[in-house]
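My notes are below the display.

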Amino acid sequence: MSDSRKRNRPAGFATRAIHFAYNPLDYHGALNPPLFMTSTYAFENARQGGDRFAGEEAGYIYHRVGNPTVSILEKRLAELEGGEAGLFTSSGMGAITAAFWSLLQAGDEVIADKTLYGCTFSLLQHHMTRFAIKTRFIDMSDPAQLEAAISDKTRLVYCETPANPNMRLVDIAAIAEITRKHEATFIVDNTYCTPYLQRPLELGADLVVHSATKYLGGHGDLLAGAAVGSQDMIDQLRFVGIKEMNGAMISSMDAFLVLRGIKTLHLRMDRHCQTAQKLAELLEAHDAVEQVYYPGLASSPFHELAKRQMSQFGGMIALELKGGMDAGRDLMDALDLVTCAVSLGDAETLVQHPASMTHSTYEPEERIKHGFTDGLIRISVGLEDYDDIADDFTQALDGLGK
Ligand SMILES: *Cc1c(COP(=O)(O)O)cnc(C)c1O
């Protein structure tokens, strides 16, 4: 899609996901962006090399700082999130650490929602503390708690919504308003939604981070991460966080695959959401199930907020069984089509046990404090036929305790 658009209205989400920031005619007519497999770039002369390092001339230098295939992907995600600039990394944790290490220094305070992906929690709770950066965990679904906790020392406010693994939601606009008053930076991990369902920057967040390993890649065949925000902030993440601190640049091959994945994001998300809604209702009605956590259910305390800030309710479900953790293990073992595996957002329906797997970084007593039980099971609803997914859960649930 040429940047000088001939049309008089902005192109839709799917069109931009397929075309934005790439014109085949600039690359020998190649319909798909070429894969630039090179670690370094030749300079015309020594002066040019120096100018590029000094930032006085635009152009590529070395893969850790930028690559043409990666640049197309970065522009495309920034466009879809409604941000000025984007950055891709070799994993979601690469993007999150690039953000923290670029934006924080010793003595700063972070305020985070109490439920976070296991490694993000561990990074804040156990590792940033080694560099004198303290995190206070609050229930951010209640904005009054942020109002009470925020201070001059607060540099960053951080959340996931819906949160991994228990599907709690945070009101992005309300948190952004409080954060802005205190001149802190508000980061939202948008992995569960992708920009197709939710655009935190439009609601007032300052930076969005992603595990692109999940829905953006969409096929369970790569690891990648991303960040989108103002040009200034993305420059800081790129030139400090990635270039000089964690080195977590995405490979061009993985960037190529994420570009391919994003072309079908809208179709996949529609299907993930449709199937998840039906499956959540089926699970909620089953006798063996204690509680289902899914914002599309009328029983969810977050249903109204989800309708306001998400366009659909997503493809992730959490549930607790009446038989607790033992029943959860039996359920995972009894499923046949559905695969027991961590990660999410793939074509395959996946089920896992956060307390012993993705969130085993929390101590047992921390799990309750941070909002999830040992019996919680997490489902990433895949793209198989709904009837086959439903039949598998039904047979596995019916068999519990027999
Ligand atoms: C998986 C995940 C991450 C970490 O991403 P990686 O690509 O595995 O490094 C961060 N946040 C959320 C919400 C995730 O689900």
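**Entry 1: ground rules.** I am working with a predicted model, in which local features need pLDDT of at least 70, side-chain atom pairs count only at pLDDT 80 or more, and totals for chains, interfaces and linings use all residues. Residues are numbered from 1 along each chain as its sequence is written, and side-chain values use heavy atoms, with hydrogens and water left out.

**Entry 2: domains.** I looked up the division first: domain 1 covers 13-263 and domain 2 covers 265-398, with bounds from an automatic or database domain assignment. Their centres, taken over C-alpha atoms, are separated by 26 Å. I noted 44 residues from domain 1 and 38 residues from domain 2 in the contact, where contact means heavy atoms within 4.5 Å.

**Entry 3: the sheet of seven strands.** I read the order of this open sheet as β1-β7-β6-β5-β4-β2-β3, with mixed pairing. Strands here are DSSP runs of E with at least two residues, helices are runs of H or I with at least four, and both are numbered from the N terminus. Two strands pair if DSSP finds at least two bridges between them. At the edges I found β1 (85-89) and β3 (134-138), each pairing on one side only. Neighbouring strands are turned by 20 degrees against each other on average, direction ignored. Inside the sheet, I checked β5 (residues 185-189) and β6 (residues 207-211), which run parallel and are joined by three bridges. Asp189 has Val209 in β6 as its bridge partner. I also noted that α5 lies across β2 (109-113), β3 and β4 (154-160), at about 130 degrees to β3. Such angles run from 0 to 180 degrees between N-to-C directions, and axes are lines fitted to C-alpha atoms, for helices over the stretch in contact.

**Entry 4: the sheet of five strands.** I read the order β8-β9-β12-β11-β10 for this open sheet, again with mixed pairing. β8 (289-293) and β10 (339-340) each have a single partner strand, so one side of each lacks a neighbour in the sheet. β10 pairs with β11 (residues 350-352) in the parallel sense over two bridges, and Cys340 stands opposite Val351 in β11. Helix α13 (residues 324-334) packs on the sheet, touching β9, β10, β11 and β12, and its direction makes about 125 degrees with that of β9. Helix α11 (residues 265-284) lies across β8, β9 (316-321) and β12 (377-380), at about 10 degrees to β9.

**Entry 5: α3 and α10.** I found the axes of α3 (residues 68-81) and α10 (residues 252-262) 8 Å apart, at an angle of about 35 degrees. The crossing is left-handed, a term used if the near helix is turned anticlockwise from the far one by less than a right angle, with right-handed if clockwise. Among the residues in contact are Leu73 and Arg76 of α3 and Phe256 and Leu259 of α10. By class I noted nine nonpolar, two polar and one charged. Ala, Val, Leu, Ile, Met, Phe, Trp, Tyr, Cys and Pro count as nonpolar, Asp, Glu, Lys and Arg as charged, and the others, Gly among them, as polar.

**Entry 6: α4 and α5.** How do the axes of α4 and α5 cross? The axes of α4 (residues 92-103) and α5 (residues 118-127) come within 11 Å and cross at roughly 25 degrees. That makes α4 roughly parallel to α5, the term for angles under 35 degrees. α4 passes α5 in a right-handed crossing. Met93, Ile96, Thr97 and Phe100 in α4 meet Cys119, Thr120, Leu123 and Leu124 in α5.

Key
Angles under 35 degrees count as roughly parallel, over 145 as roughly antiparallel, 65 to 115 as roughly perpendicular and the rest as oblique.
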